[in-house]
Amino acid sequence: MTSQLGQYVRQVLFVFVAMVMAAQSALAAPYAAIVMDARTGETLYETNSETRLHPASLTKMMTLYITFQAIQRGEISLDSLVTVTKNAAAEPPSKLGLKSGQRIALRYLIRAAAVKSANDAATAICEAVGGSEAAFAERMNRTAKAIGMTKTTFKNCNGLTSEGHLSTAHDMNVLGRRLFFDFPQYYNIFSRRRADAGVTTVANTNTRFLDAYKGADGIKTGYTSPAGYNLTASAQRGNKRIIATVFGGKSTAHRNAKMADLLDLGFREAPENAKVRKPAPIDAGALAIASAQAAQQQQPVPIASLTSSPRPLARPGSQAALAAAAMVSSMQGGIESALAQASAEDAVAMQIAQAVDYGGEGSDSGVTPRSRPVLQLAAASPVPTSPEVITRMSTSGGRHWGVNVGRFPSRTAAERQLMQIALAETGTLAEGLRKIIDRPGGYDANFMGLTQDQADLACRRLQARAIQCFAIGP
């Protein structure tokens, strides 16, 4: 009798285990993979690479891409102190453990998001850079389209499961390749085994693979139940660099084994020598137009509505301020006609200048822009034929900061924008020099000769009026 009971129990357990395994199999995340020659962008292998799936924390690659972009454009700096919101602090693990109201430098949030994949850090970043998570997600989607991620839709900046938040193995591979080529000065952060995140030292979620696979140097893991175990990884051996993405791994070990097989395939198939073809530059014009349109929808405050406000009095002893006041007074009669000439197309045709030069191979700490185009007011006097136009000489001596308000298809369009902004922002830009720089892609409209505080304040005020700009440092 005991023997029969034991046999019956074993049969029940066998059926139960079989049912559990079947259920797990049925719920397993779909598998997808792709392998590229990172030097050329050529696909060497793919399976289901265009299937829209949950990207999980691979999402943070885009969060960091846009953050690096914002640093490069002067929108924010590595040393900027970010105030953590209740929304960011309430994000579920993985997290850094941030508290609502806490202030922490952006560089530490970047490290936590890249190395530990901290959700609270990622959310704090996107709220600081974008103003809100929703606004940042819109920027993520615009940027995704601009770099060729055609089947990706972002709903948040950390990758937690959300309806409609989907991407593909192909798109994430494109993004990983972009990070390597577009921001080489920051790429090394993805290979750090440990990093100082300000409040604590964090360990890399990808340490096992980085240690196990020869030549691996990044870049990002991801996991949620609907997504499975995801990974975008890159490795270099000799002249070859391969980048691959896996969606839907069954475990960390399974995902890492699959990735090792994929990279091995890539190194076998890729030619020994191939000419590096970097990704094409982002279409700054299309991206700027989309960004300006989105900003206008959020804060539709036309400059014309601000020109009737009382003008601040010139500060005693400031020749620059007196000159600016005289200019505004003499031009007052023509303000309305000048503003009427400024069409909506001019306002949304702002293009963000890309002339940012970083010296040497930097880490995520201590990298400062060497030079950027500087923003200054356009002249009311006849336009000279030289490439650069400065309409007022500076007496500021050590003022080496400025503000850029866009790149325009013609000198006239750049002058008109500078004039409108000068009239609307006399208080913050009275001591600036209007400067137009002729570049291959158009005419940069700049205000120069400002202190850092003046440039930062002016740009914040302009952005509040839906005018795209960025501060320029020496």
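Reader: What makes helix H4 (residues 106-116) mostly covered?

Author: Nine of the 11 residues in H4 are buried, where buried means under 20% relative accessible area, exposed over 50%, and partly exposed in between (1.4 Å probe, protein chains only). Among the buried ones are Leu106, Arg107, Leu109 and Ile110. A helix here is a DSSP run of H or I with at least four residues, numbered from the N terminus. Please note that this is a predicted model, in which local features need pLDDT of at least 70, side-chain atom pairs count only at pLDDT 80 or more, and totals for chains, interfaces and linings use all residues. Residues are numbered from 1 along each chain as its sequence is written, and side-chain values use heavy atoms, with hydrogens and water left out.

Reader: Why is Leu160 called partly exposed?

Author: Its relative accessibility is 23%, so Leu160 counts as partly exposed. Leu160 sits in the loop between helix H6 (133-146) and helix H7 (169-182).

Reader: Which residues does Leu160 touch, not counting residues up to four places away in sequence?

Author: They are Glu91, Pro92 and Asn119, with contact meaning heavy atoms within 4.5 Å.

Reader: What is the largest nonpolar core, and which residues have the most contacts inside it?

Author: That core has 61 residues, and Met62, Ile110 and Met149 have the most contacts inside it. Helix H2 (residues 59-72) gives the most to this core, with eight residues.

Definitions and conventions: Helices (H or I, at least four residues) and strands (E, at least two) are DSSP runs, numbered from the N terminus. A nonpolar core is a set of buried Ala, Val, Leu, Ile, Met, Phe, Trp, Tyr and Cys residues joined through side-chain atoms within 4.5 Å.
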